[in-house]
Amino acid sequence: MNLDAENGFCDLHLHIVPGIDDGARTMDASLEILRGLYDCGYRHFVATPHADDHRFTYSRETIDAGFAKLADAVAASGLPIDLGKGVEYTYGERLRRDVTDRTAMTLADSRYVLLELPEEFMPATMPDTLFGFGASGYYPVLAHPERCKPFQDDVDALSRLANGRALVQVSFRSLAGTFGRTIKKTAWRLVESEVADLVATDCHSPRELRKVVQPVMKQLRRRLDAGHLNRLMSAFPRRMLTTP
Ligand SMILES: [Fe+2]
């Protein structure tokens with residue numbers, strides 16, 4: 001990715017490779033999302049289709065082919081943005097295998113691996129598992145941990161888990177209230193108390209662009225000072241992708 005260009009927000013989590021997962025269904029929808037995010041101030045994106053053991057089991061080649069088509073469409077559109085490739089792993093066997101084999105699909109060829117944790121309970125072995133990812137050369141990024149029940153009751157438990165082992169990425173969808181009041185409250189608490197290292201749109205559709213992204217962007221600008229917003233959406237993600 002070319003991150004030297006101009007400043008701008010950097011979205012490390014969105015579902016815009018058409019027809020691959022439950023995200024954008026068509027190339028037109030993907031481009032509509034990207035145009036809308038451009039208008040919100042985004043310039044850099046890492047597309048992150050789901051990858052798991054049951055529902056989104058497509059191969060690496062399928063992801064590569066889908067991403068290549070998206071990259072071609074973006075180039076043809078003339079939209080001056082920068083696009084990288086990643087996946088959002090569900091915590092499970094596929095992730096463990098890829099990490100063990102050191103073949104994990106990282107965010108834009110960085111060492112950061114995006115993963116979503118189980119939502120109902122936290123395995124007692126999770127700190128060891130995350131530490132093990134680090135020992136294999138990867139750094140986990142926890143996607144929307146505000147959706148995990150154990151952290152809604154005890155935000156400090158998330159700080160303890162992530163401390164030195166993982167980054168915390170809160171999602172726009174949670175901040176918008178898509179998953180209910182408890183998750184929304186937890187998400188804002190993580191952001192405002194600076195437990196969150198990153199916020200990402202996790203945008204799946206043009207509808208979410210209007211119902212989720214644009215309203216949350218307004219609220220973030222109102223509730224956070226400019227320096228904090230810049231760290232969450234530009235400086236930190238930029239540093240992640242440029243640090244070898
Ligand atoms: Fe996602």
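This is a predicted model: local features need pLDDT of at least 70, side-chain atom pairs count only at pLDDT 80 or more; totals for chains, interfaces and linings use all residues.
**Stop 1: the iron ion**

Select the iron ion together with His13, His15, Glu88 and Asp202. These residues coordinate the iron ion through NE2 of His13, NE2 of His15, OE of Glu88 and OD of Asp202, at 2.0 to 2.3 Å. Along the sequence the donor residues follow the spacing H-x1-H-x72-E-x113-D. His13 belongs to strand 1 and Glu88 to strand 5 (residues 88-90), so this pair ties together parts that are 75 residues apart in sequence. His13 is buried, at 1% relative accessibility, and Glu88 is buried at 1% as well.

Next, check the angles at the iron ion. Among the four donor atoms they run from 82 to 172°, and the site is irregular. A tetrahedral assignment would need all angles between 85 and 135 degrees.

**Stop 2: Val17**

Move to Val17, in the loop between strand 1 and helix 1 (27-39). Is Val17 buried or exposed? Its relative accessibility is 2%, so Val17 counts as buried.

Now show what surrounds Val17. Leaving aside residues up to four places away in sequence, Val17 touches Ala24, Ala47, Pro49, Gly66, Phe67 and Leu70.

**Stop 3: the aromatic cluster**

Select Phe9, Tyr42 and Phe45, which ring pairs link into a cluster. The model has three aromatic pairs, counting rings with centres within 6.5 Å. In the pair of Phe9 and Tyr42, the ring centres are 5.5 Å apart and the planes meet at 65°, so the arrangement is edge-to-face. Strand 1 (residues 9-14) holds Phe9 and strand 2 (residues 42-47) holds Tyr42, so the pair ties together parts that are 33 residues apart in sequence.

Colour these residues by accessibility. Phe9 is buried, at a relative accessible area of 11%, and Tyr42 is buried at 0%. Tyr42 also pairs with Phe45; this pair is tilted, at 6.0 Å centre to centre and 35° between the planes. Phe45 is buried, with 0% relative accessibility.

**Stop 4: charges over rings**

Select Arg43 and Tyr38. The charged end of Arg43 sits over the Tyr38 ring, 3.7 Å from the ring centre. Finish with Arg147 and Phe179, where the charged end of Arg147 sits over the Phe179 ring at 4.1 Å from its centre.

Note on methods: Residues are numbered from 1 along each chain as its sequence is written. Side-chain values use heavy atoms; hydrogens and water are left out. Rings of Phe, Tyr and Trp (its six-membered ring) pair if their centres lie within 6.5 Å; planes under 30 degrees apart count as stacked, over 60 as edge-to-face and the rest as tilted. Helices (H or I, at least four residues) and strands (E, at least two) are DSSP runs, numbered from the N terminus. Buried means under 20% relative accessible area, exposed over 50%, partly exposed in between (1.4 Å probe, protein chains only). A charge sits over a ring if NZ of Lys or CZ of Arg is within 6 Å of the ring centre and within 35 degrees of the ring normal. Contact means heavy atoms within 4.5 Å. Donors are N, O and S atoms within 2.8 Å of the metal (3.2 Å for Na, K and Ca); water is not among the atoms, so sites may look incomplete. Four donors count as tetrahedral if all angles lie between 85 and 135 degrees; four count as square planar and six as octahedral if opposite donors are over 155 degrees apart and all others between 65 and 115; anything else is irregular.
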